[in-house]
Amino acid sequence: MSSWFQYEALKYVSFPTQVLSKASKIIPVMIMSKIISKKSYKYHEYATAVVISIGTGIFLLSGEKVK
């Protein structure tokens, strides 16, 4: 049932928003794994996650608008 609810909810979210949220979820995952699992990441890994999120956002939001 959860998969069905997930796909039904995604009907109301645009594709660029879906891609941005999936690309950006690495940041909260890294933060929570540091807090809960005491996993340590190097600074360049955090920087890579941020750069990927920003780059994906710029790429998706800078495209032509289709009418």
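A: Over residues 43-62 the chain is 95% helix and 0% strand, with the end C-alpha atoms 28 Å apart. Helices (H or I, at least four residues) and strands (E, at least two) are DSSP runs, numbered from the N terminus. This is a predicted model: local features need pLDDT of at least 70, side-chain atom pairs count only at pLDDT 80 or more, and totals for chains, interfaces and linings use all residues. Residues are numbered from 1 along each chain as its sequence is written, and side-chain values use heavy atoms, with hydrogens and water left out.

Q: What feature does UniProt place at residues 43-62?

A: The unreviewed UniProt entry gives "transmembrane region" there; such annotations may be inferred rather than shown by experiment.

Q: New topic. How many salt bridges does a search of the whole structure find?

A: One. A salt bridge is a side-chain nitrogen of Lys or Arg within 4 Å of a carboxyl oxygen of Asp or Glu. Here glutamate 8 and lysine 11 meet at 3.0 Å, N to O.

Q: Is lysine 11 buried or exposed?

A: Lysine 11 is exposed, because its relative accessibility is 59%. Glutamate 8, at 25%, is partly exposed. Buried means under 20% relative accessible area, exposed over 50%, partly exposed in between (1.4 Å probe, protein chains only).

Q: And how many aromatic pairs?

A: Two. In one of them, the ring centres of tryptophan 4 and phenylalanine 5 are 5.0 Å apart and the planes are at 65 degrees, so the pair is edge-to-face. Rings of Phe, Tyr and Trp (its six-membered ring) pair if their centres lie within 6.5 Å; planes under 30 degrees apart count as stacked, over 60 as edge-to-face and the rest as tilted.
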